[in-house]
Amino acid sequence: MTILDDIVEVKKRQLESYPEEIKTIERTPVPFKVKAEADGTLGIISEIKRASPSKGDINPGISPVFQAEQYVSGGTTAISVLTETDYFKGSLDDLQAVKQAVDVPVLNKDFIIDQRQIAKAYNHGADIILLIAAILSDEEMKSLYDYASELNLECIVEVHDEEEMKRALKLQPEIIGINNRNLKTFEVDLKTTETLLEKYNHPGILFIGESGIKTESDAVRMSKAGAGCLLVGETLMRDNTPAEVIRKLKVAKHD
Ligand SMILES: O=C(O)c1ccccc1NCC(=O)[C@H](O)[C@H](O)COP(=O)(O)O
């Protein structure tokens, strides 16, 4: 049993206490893809991540709102808030607090396996959600993707290998995140994005290079591979001046 299996098991247990249906409030999500594609530099999704299974505590005492405001001052395209509690020490309250404090789109980063989690994320202010191919069947991915689209939420379909990429493409998604981290072994390798985009760089899809991005040269590597956006967590959470780091990572998009 991997930590990823454990996280999914905990989610299933939590869902047992959810009502059968969660009604959604009236709201209009803030667009993300169009913003990430608006200029010639890479989009940046800056993540709020207090802790992680691979690293333990990263910055557990952080104020999510303070961190989010620094990200905005660095020109971040969007903010990702990890809301999983047991391993990442996040919550939907963090998501809501960040949403109320900033105007940029907000991603709910969690392990979504049920439509009611999407409804909750939506009610707490998510503009974007994440669907992780590694924990969903094709049918589950499609039905969650369709439900999120009905709410005008943008979906990042996350893949790590060729088989997941092929499954994701069947959805004809607008956005695909390529996670350089293997969520089962925690091994991180930027070659993951490079190798997958060499073969599957479809025009019209925004590809996001996720995880393990530390330096400007990492950003250039992701850009050259064909990514139009980056998702960066630990590097920003450990730095005292995350706004400056964001400015450095916002390198030119590669033609
Ligand atoms: O970060 C982990 O250890 C992790 C373990 C298991 C499942 C998911 C995990 N992280 C989620 C992410 O993919 C990252 O938070 C995100 O891509 C940012 O990565 P990084 O810049 O390396 O913090």
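The shell around the ligand divides into 7 nonpolar, 7 polar and 5 charged residues; Ala, Val, Leu, Ile, Met, Phe, Trp, Tyr, Cys and Pro count as nonpolar, Asp, Glu, Lys and Arg as charged, and the others, Gly among them, as polar. The model is predicted: local features need pLDDT of at least 70 and side-chain atom pairs count only at pLDDT 80 or more, while totals for chains, interfaces and linings use all residues. Residues are numbered from 1 along each chain as its sequence is written.

**Ligand shell**

- The ligand is surrounded by 19 residues, and the closest are Ser 52, Ser 54, Ser 211, Gly 233 and Glu 234; a residue is near a molecule if its C-beta atom, placed from the backbone, lies within 6 Å of it.
- Two or more residues of this shell come from each of β10 (229–232) and α10 (234–238); helices (H or I, at least four residues) and strands (E, at least two) are DSSP runs, numbered from the N terminus.

**Helix α4**

- In helix α4 (residues 92–101), the buried residues are Asp 94, Leu 95, Val 98 and Lys 99; a residue is buried if 20 or more other C-beta atoms lie within 10 Å of its own, exposed if 12 or fewer, and partly exposed in between, with C-beta atoms placed from the backbone.
- Seen down the axis of α4, these buried residues fall within an arc of 130°, so they line one face of the helix; the arc is that of the directions from the helix axis to the C-beta atoms.
- The exposed residues Asp 93 and Gln 100 sit on the face of α4 turned away from its buried side.
- Packing against the buried residues of α4 are β1 (43–48), α3 (64–73), β4 (78–82) and β5 (106–109); two residues are in contact if their C-beta atoms, placed from the backbone, lie within 7 Å.

**Helix α11**

- Pro 242, Val 245, Ile 246 and Leu 249 are the buried residues of helix α11 (residues 242–249).
- Seen down the axis of α11, its buried residues fall within an arc of 100°, so they line one face of this helix.
- The cover over the buried residues of α11 includes β1, α3, α9 (216–225), β10 and α10.

**Positive phi in loops**

- Asn 152 is not a glycine, yet it has a positive phi of about 65°.
- Asn 152 belongs to the loop between α6 (138–150) and β7 (154–159), and it is exposed, with 12 other C-beta atoms within 10 Å.
- Gln 172, also not a glycine, has a positive phi of about 50°.
- Gln 172 is found in the loop between α7 (162–169) and β8 (175–179), and it is exposed, with 10 other C-beta atoms within 10 Å.
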